[in-house]
Amino acid sequence: MDRKTLEARTKVFAHNCVKTALSLEGTKLGNHICGQLIRCATSVPANYRAANLAHSRAAFAAKLSIVIEEADECGFWLDFAIGENILSTAVAEPLIKEAHELTSIFVASRKSIQVKSKIINQK
């Protein structure tokens, strides 16, 4: 998957999470989860975009680590909302699936960069 496609995919994911998060507002817990989900979901495309501007492989890998953590955190908050019965599984499952897929993509990318860096450093 190329950079532009992945940038677009992360942005769509963030938009969908924000829309879902806003539906949780109204209770103290719903407001808290709403804020947390919006924060981590919007961090995914923002940090991926920043990673693509990194000045070194190490900086790229560091930014990808943030993207991985934030995508995984989205999955956590969605799952937590299901557990608290404030979000239906039917609504959350596609987003949780996308969070896991994005996490896997970025973990693989980070591993690839780290392997390439080791090879270059061994030369």
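Thr103 touches Ile68, Ala71 and Asp72 when residues up to four places away in sequence are not counted. In this predicted model, Thr103 is found in helix α4, residues 89–122, and is buried, because its relative accessible area of 14% falls under the 20% limit for that class.

Helix α3, residues 57–83, has 27 residues and reaches 39 Å from its first C-alpha to its last, close to the 39 Å expected at 1.5 Å a residue. Just after α3 comes Asn85, which lies in the loop between α3 and α4. The phi of Asn85 is near 60°, a positive value in a residue other than glycine. Most residues other than glycine have a negative phi. Asn85 is exposed, because its relative accessible area of 71% is over the 50% required for that class.

| Helix | Residues | Number of residues | Expected span | Span between end C-alpha atoms |
|---|---|---|---|---|
| α3 | 57–83 | 27 residues | 39 Å | 39 Å |

Two packed helices are described by the angle between their axes and the distance between the axes. The axes of α1 and helix α2, residues 28–51, come within 9 Å and cross at roughly 170°; since angles over 145 degrees count as roughly antiparallel, α1 and α2 are therefore roughly antiparallel to each other. On the α1 side, the residues in contact are Arg3, Leu6, Glu7, Thr10, Lys11, Phe13, Ala14, Cys17, Val18, Ala21 and Leu22, and in α2 they meet Cys34, Leu37, Ile38, Ala41, Thr42, Val44, Pro45, Tyr48 and Arg49. The residues of this contact of α1 with α2 divide into 14 nonpolar, 2 polar and 4 charged.

Terms used. Residues are numbered from 1 along each chain as its sequence is written. This is a predicted model: local features need pLDDT of at least 70, side-chain atom pairs count only at pLDDT 80 or more; totals for chains, interfaces and linings use all residues. Side-chain values use heavy atoms; hydrogens and water are left out. Helices (H or I, at least four residues) and strands (E, at least two) are DSSP runs, numbered from the N terminus. The expected span of a helix is 1.5 Å times one less than its number of residues. Axes are lines fitted to C-alpha atoms, for helices over the stretch in contact, and angles run from 0 to 180 degrees between N-to-C directions. Angles under 35 degrees count as roughly parallel, over 145 as roughly antiparallel, 65 to 115 as roughly perpendicular and the rest as oblique. Contact means heavy atoms within 4.5 Å. Ala, Val, Leu, Ile, Met, Phe, Trp, Tyr, Cys and Pro count as nonpolar, Asp, Glu, Lys and Arg as charged, and the others, Gly among them, as polar. Buried means under 20% relative accessible area, exposed over 50%, partly exposed in between (1.4 Å probe, protein chains only).
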